[in-house]
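I opened my notebook to look through a protein model and write down what I found.

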Amino acid sequence: MTAYVVIDLDVDDAAGFQRYVDAVTPLIEKAGARNLLVDDDCLTLEGDWRPPTLVIHEFPSKEAVRAFWDAPEYQPLKALRRRHSTVGVVVGEAARPGR
């Protein structure tokens, strides 16, 4: 079942973060995933969640997300991302029929 990675992204250093983006994009594609959304001006309709940048990636499944997240080649990129940004990351699956 398709899984979506939702990221609340706050970039501290744009140049440093771009190095992360350049390196992680091929890994995302290798995992069978794609970038659906990057919005630094999202609209909050209710509540107080206002991510500086909202990012959504689509993966084939939660298992594919976990494999990507735990992959040895992603670990140094996580460290690079953490040096140049702050994120909150959640994963959810697409709704099943009848839900």
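Below are my entries, one topic at a time.

**Entry 1: what I am looking at**

I noted first that this is a predicted model.

**Entry 2: the strands**

I started with strand β3, residues 53-59. How many of its 7 residues are buried? I got 6, so I wrote it down as mostly covered.

Then I looked up its partners. Strand β1 (residues 3-11) runs antiparallel to β3, and 7 bridges join the two. Here L9 sits opposite T53. Strand β2 (residues 34-39) also pairs with β3 in the antiparallel sense, over 5 bridges. In that pairing N35 stands across from H57.

**Entry 3: aromatic rings**

Next I went looking for rings. I describe a pair of aromatic rings by the distance of the centres and the angle of the planes. I found 5 aromatic pairs in the structure. In one of them, F17 and Y20, the ring centres are 5.3 Å apart and the planes are at 40°, so I called the pair tilted. These two residues are 3 apart in helix α1 (residues 14-30), which means about one helical turn separates them. Both F17 and Y20 are buried.

Another tilted pair is W69 with Y74, at 5.7 Å centre to centre and 55° between the planes. Are its two members buried or partly exposed? I looked up each one: W69 is partly exposed at 24% relative accessibility, whereas Y74 is buried at 2%.

Putting the ring pairs together, I got a cluster of F17, Y20, F59, F68, W69 and Y74.

I then checked V24 by itself. Leaving out residues up to four places away in sequence, V24 touches F68, Y74 and L77.

I took α3 first. Its buried residues are L77, K78, L80, R81 and H84. They lie on the same side of α3, because they cover an arc of only 160° around the axis. I noticed that K78, R81 and H84 are on that buried list too. On the face turned away from the buried side I found the exposed residues P76, R82 and R83. What covers the buried residues of α3? The cover includes β1, α1, α2 and β4 (85-93).

Then I did α2. Here A64, V65 and F68 are buried. Their arc is only 100° around the axis, so they sit on the same side of α2. The face turned away from that side carries the exposed residues E63 and R66. The buried residues of α2 pack against β1, α1, β3 and β4.

**Entry 4: salt bridges**

Last, I looked for charged side chains that meet. I counted 3 salt bridges.

K30 and E73 form one of them, at 3.5 Å from N to O. K30 is in helix α1 and E73 is in the loop between α2 and α3, so this pair ties together parts that are 43 residues apart in sequence. I wrote K30 down as exposed, with 64% relative accessible area, and E73 as partly exposed at 37%.

R34 and E58 meet at 2.6 Å, N to O. R34 lies in strand β2 and E58 in strand β3, so parts 24 residues apart in sequence are tied together. R34 is partly exposed at 47% relative accessible area. E58 has 18%, and I had to recall that buried means under 20% to see why E58 counts as buried.

D70 and R66 meet in a salt bridge at 3.6 Å, N to O. Both lie in helix α2, 4 residues apart, or about one turn of the helix. An α-helix has 3.6 residues a turn, so residues three or four places apart point the same way. D70 is partly exposed at 43% relative accessibility, and R66 counts as exposed at 51%.

Methods. Residues are numbered from 1 along each chain as its sequence is written. This is a predicted model: local features need pLDDT of at least 70, side-chain atom pairs count only at pLDDT 80 or more; totals for chains, interfaces and linings use all residues. Side-chain values use heavy atoms; hydrogens and water are left out. Rings of Phe, Tyr and Trp (its six-membered ring) pair if their centres lie within 6.5 Å; planes under 30 degrees apart count as stacked, over 60 as edge-to-face and the rest as tilted. Buried means under 20% relative accessible area, exposed over 50%, partly exposed in between (1.4 Å probe, protein chains only). Two strands pair if DSSP finds at least two bridges between them. Contact means heavy atoms within 4.5 Å. The arc is that of the directions from the helix axis to the C-beta atoms. A salt bridge is a side-chain nitrogen of Lys or Arg within 4 Å of a carboxyl oxygen of Asp or Glu.
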